[in-house]
Amino acid sequence: LQAAARVFDMRGFKAATLRQIAEEAGILAGSVYHHVESKEALYLEVHRTGYLRMQAVVERALSGVEGPWPRLEAALAAHLEEMLGGDPIARVTGQGLMEPRDGPVHAVLAPLRRQYEALWAQLVEALPLPADLDRRVLRLNLLVALNGTRIWYRADGGLSPAALARQWVRMLGGEPQPWM
C-alpha cells in the first residue's frame with residue numbers, strides 16, 4: 001500500500017501503472033496481482049486505509065478534551081498533522097477527500113466519508129455560534145479548507161499544523177488553547 005500510495009502521490013491515479021507500483025515495492029509486475037485484482041482496487045484500498053486511519057487519529061486527539069473550542073482545535077490539529085506530515089497514504093487520502101462526490105473513490109467509500117463527516121458535524125454543532133448560522137455550510141467549508149491546505153502548505157513556512165489549527169479557531173471566534 002505504501003508503494004502504491006507513493007506512486008499515486010507522485011504521478012496521480014491515471015498516470016500511475018501497476019508496473020511502476022511493483023518497481024516501487026521491489027516486486028515483479030505480475031506479483032502485484034497476487035495482492036490486488038487491479039490498479040483501481042489498489043487505489044480504493046489506499047483510500048480506505050487512509051480514511052479509517054484519519055478517523056482514528058482525530059478520535060484519539062479528541063479523547064479527554066473538553067469544551068467545544070478545545071475539541072475543534074484538537075481535531076483540526078490532528079487532521080492537519082496526519083495529512084501534512086503523514087506518509088503517502090495520508091497524502092493520497094487528502095487528495096481523495098477533495099474529489100467530487102460523484103467520483104469513483106466517493107462512490108465506493110461514501111460510508112467511511114460520511115462517518116468522518118459526522119464526527120465533524122458533531123464538533124461544529126457544539127460550537128457557540130449564532131443560531132442562524134448554517135453549520136452544514138461551515139462544516140463543509142472547513143473540511144475543504146483543511147484538505148486544500150496540502151496545496152499551499154510548506155513545513156518550513158513558519159506555521160505548524162497546531163498553529164494553523166489555532167488560527168482557524170481564532171478566525172471562527174473561539175479561544176485557541178495554550179496547551180496546543
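Biologist: Which helix is K39 found in?

Modeller: Quick caveat before that: this is a predicted model, where local features need pLDDT of at least 70, side-chain atom pairs count only at pLDDT 80 or more, and totals for chains, interfaces and linings use all residues. Residues are numbered from 1 along each chain as its sequence is written, and side-chain values use heavy atoms, with hydrogens and water left out. Helices here are DSSP runs of H or I with at least four residues, strands are E runs of at least two, and numbering goes from the N terminus. On that basis, K39 sits in helix α4.

Biologist: What is the nearest side chain of opposite charge to K39, and how far away is it?

Modeller: Lys and Arg count as positive and Asp and Glu as negative, while His and the chain ends are not counted. A salt bridge needs a side-chain nitrogen of Lys or Arg within 4 Å of a carboxyl oxygen of Asp or Glu. K39 has none, although this lysine is buried (under 20% relative accessible area; exposed is over 50%, partly exposed in between, with a 1.4 Å probe and protein chains only). The nearest opposite charge is E40, at 5.6 Å.

Biologist: Which residues does K39 touch, and which backbone oxygen lies 3.4 Å from a polar atom of its side chain?

Modeller: Taking contact as heavy atoms within 4.5 Å, and not counting residues up to four places away in sequence, K39 touches F8, F13, K14, A16 and L18. One of those also supplies the backbone oxygen at 3.4 Å from a polar atom of the K39 side chain: K14.

Biologist: How many salt bridges are there in the whole structure?

Modeller: One example is D87 with R53, where the closest N and O atoms are 2.6 Å apart. D87 lies in the loop between α5 (68-85) and α6 (88-97) and R53 in helix α4 (residues 39-62), so this pair ties together parts 34 residues apart in sequence. D87 is partly exposed at 22%, and R53 is partly exposed too, at 26%. Searching the whole structure, the count is nine.

Biologist: Which residues do salt bridges with shared partners join into one network?

Modeller: Shared partners are the criterion here. The network consists of D9, R91 and R150.

Biologist: How many helices and strands does the protein have?

Modeller: Read along the sequence, the pattern is α-α-α-α-α-α-α-α-α. That makes nine helices and zero strands.

Biologist: What share of the contacts with a separation of 6 or more comes from residues 24 or more positions apart?

Modeller: For background, 46% of the 180 residues count as buried, and the C-alpha atoms fill a box of roughly 55 × 35 × 30 Å along the principal axes. The share of those contacts is 66%.

Methods
Polar contact = N/O pair within 3.5 Å; in protein donor to acceptor, adjacent residues only side chain to side chain.
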